[in-house]
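Please look over the sequence and the model below. This report covers confidence, then the interface, then two residues.

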Amino acid sequence: MSFLTALDILVQSMLLASAPLIFTALGGVFSERSGVVNIGLEGLMVIGAFSAVVFNITFAGSLGDATPWISLLVAMAVGGVFSLIHAVASISFRADHVVSGVAINFLALGLGVYLVKDWYGAGQTPQIPEPIRYTNIPLLYDIPVIGPIFFDNYITSYVAIFVAIIAWYIIFKTPFGLRLRSVGEHPLAADTMGINVYKMRYTAVVISGVLGGLGGGVYALTISQIFSAGTITGQGFIALAAVIFGKWHPLGAMGAAMFFGLAQSLAIIGSSFPLLADVPNWVLLAAPYALTILALAGFIGRADAPKAIGTPYIKGKR
Amino acid sequence: MFEGFSRFQKILIPLISVILGLIVGAIIMLVSGFNPIQGYAALLKGSLGESFYIGETVRQITPYIFAGLAVAFAFRTGLFNIGVEGQLLVGWVASVWVGLAFDLPKVIHLPMAILAGALAGALWAFIPGILKARLRVHEVIVTIMMNYIALHFCNYLIRYVISDEQNTTDRVPETASLKSPFFETLTEFSTMHYGIFLALLGVIIYYIVLERTTTGFELRSVGFNQNASEYAGMNVNRNIVLSMLISGAFAGLGGAMEGLGTFGYGFIHGAFSGVGFDGIAVALLGGNVALGIVFAAALFGILKQGALIMPLESGVPTELVEIVIAIIIFFVASSYIIAYLLQRLKKGAK
């Protein structure tokens, strides 16, 4: 295998595998920056994948080519609404964020598979009729050598990178972002300055739901193309790992998600690379998780979480 | 979980959560065109209706007790062990491995296999424990990540080390098996095994260690307030590690129950068994006390076992029970709002 072919395969599978992780990890960044732990990212992806697949199957006949894109919008909307459960529990009902997130994960998977069994009479949906397809990016694709390697992929992968840049701009360059971060660092101080802590946190969690749903939808429409109990297995937790590995920074999270996407695709295509053929498959599969532990332990630079993370804000209590 | 609530509320909140969970389940059945009464009747029949089903339910309860104890033990000492699932998996593989690797009389072999499970679980929990104690790394994320590492690592061991590139290992020999001919004849050949006695023994040990020993007092004290415990001369770091070790050992024992009892072999897991995660719900619902965990594990055993028969008897998909469990966790977690509403109700009555 020539170097260029190898690079081509690597870049393509990395971009494909990392797009859902990038979207979901960005969702995690928003939520955690506001001080709400979101272990429920996995569940948000599940519900996003579920709604995208069901919508795609139901409306492919009438919507034609537009189906996958509208499916993604539906996944975003459903993810946003679903995340309200986590928001209500962890912000208003003062539930432990981790426990509430665990409940979200259970609920999403249970509800998704329950409805699939009820509607389709089987443990999994049929294949979606209108998946997202490969596209060449015009102009950029014509660049010699680089073009075919980097600009021949699913459009969602480029959108993911674009959204990461927007997220960076919102969080670090706008008043909204400043408020978001202040609520996650020191809610009492933010409240004193007239920022509505509850409203900010609700907004952040819903954004994480929208992005998590989008991540799940993208995974379903590009990679799995069906929905079953085994569609999303750990993607949400890898996204969470990317949030931490990326030090709660949108671009960092994007980089980490891409790295994890690469690791994931290596686990699948690794055997075709002579250099990696000797590495046991499980090492590559477990790499994102192990690296996160190392990052947290400070071996790969210190990663400090927002200070008020995981603590419910109770107005009037110091 | 229920600190600061009255004794009455501590019992009432889980009860209300269970009832609310069942009500939401009933509503979902109604909306999707099933008869909830039929659904729940099928669930009860499938878990307690025949001696075979009762046997299967007890078998299901066994690992739940261990998983619940594991989560609860960490909880009581101020730690959140989400890694029970991973610790359970390594315990499962280790116990089966020892079961297959040796040829010994049963009195030595079986305890050795069980201990191997406990040891492996403890070892797996040691990593988040030591990271928390030494580097203040939050155990929640580390244990989640350790789950996935365990999943892939165990699958690798089963395929390439313990078996000859197979998806399952051989069955453990009779000398390392928890299978019980007595229970088999009693329950029309269900998979109920002797593990339930070990689980109940575990509950007693949990109670004694936590409530009746100095070590237990120290562990709980660290859970309540690290600074005060440090000031009182306790070694906080040592207690954190010890707590994780014991918690992991309980989880590993849960895995040994599956490996030596229920299945009698190890197999490649495409996804998590779910028992460890359900352990979080069991511990929460049981209020992290010994007796509460037994009741909560029994409830989850009944729900999970009954759910398997539901589709045949009433057409309701098995996953309804997952939804009910999720709702129960949701309400237990939101106990603040339930306690608040209870208080309002009381005032209203006056």
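pLDDT is the predictor's confidence in each residue, on a scale from 0 to 100. The term matters here, as this is a predicted model. Chain A has a mean pLDDT of 89. In that chain, 96% of the residues reach 70 or more. Confidence in chain A is lowest in helix α5(A), residues 146–150, with a mean of 74. Confidence in chain A is highest in helix α9(A), residues 197–224, at 96. Where pLDDT is low, predicted coordinates should not be read in detail.

**The interface**

Now turn to the two chains together. On chain B, 41 residues are in contact with 39 residues of chain A. How much area do chain B and chain A bury between them? The value is about 3600 Å², and 83% of it lies on carbon and sulfur atoms.

One salt bridge is found across the interface of chain B and chain A. Its partners are Lys117(A) and Glu319(B), whose closest N and O atoms are 2.9 Å apart. Polar contacts between chain B and chain A come to three residue pairs, both residues at pLDDT 80 or more.

Which elements of chain B give two or more residues to the side that touches chain A? They are α1, α5, α6, α12, α14 and α15 of chain B. The largest share comes from α6(B), with eleven residues. By residue type, this side of chain B divides into 34 nonpolar, four polar and three charged residues.

Next come two single residues, one from each chain. The table gives their places and accessibility.

| Residue | Place | Relative accessible area |

What does Ile132(A) touch, leaving out residues up to four places away in sequence? Its contacts are Pro68(A), Trp69(A), Leu72(A), Tyr154(A), Thr156(A), Leu221(A) and Thr222(A). Val29(A) lies 103 residues from Ile132(A) in sequence, and their C-alpha atoms are 26 Å apart.

His109(B) has its own set of contacts, with neighbours within four places in sequence left aside. Among them are Val98(B), Gly99(B), Phe102(B) and Leu104(B). Pro173(B), Thr175(B) and Ala176(B) also touch His109(B).

Technical notes
Residues are numbered from 1 along each chain as its sequence is written. Chains are lettered from A and ligands numbered from 1 in the order in which they are written. This is a predicted model: local features need pLDDT of at least 70, side-chain atom pairs count only at pLDDT 80 or more; totals for chains, interfaces and linings use all residues. Side-chain values use heavy atoms; hydrogens and water are left out. Contact means heavy atoms within 4.5 Å. Buried area is the accessible area (1.4 Å probe) that two parts lose on being put together, summed over both. A salt bridge is a side-chain nitrogen of Lys or Arg within 4 Å of a carboxyl oxygen of Asp or Glu. A polar contact is a pair of N or O atoms within 3.5 Å; within protein, one must be able to donate a hydrogen and the other to accept it, and residues adjacent in sequence count only if both atoms are side-chain atoms. Helices (H or I, at least four residues) and strands (E, at least two) are DSSP runs, numbered from the N terminus. Ala, Val, Leu, Ile, Met, Phe, Trp, Tyr, Cys and Pro count as nonpolar, Asp, Glu, Lys and Arg as charged, and the others, Gly among them, as polar.
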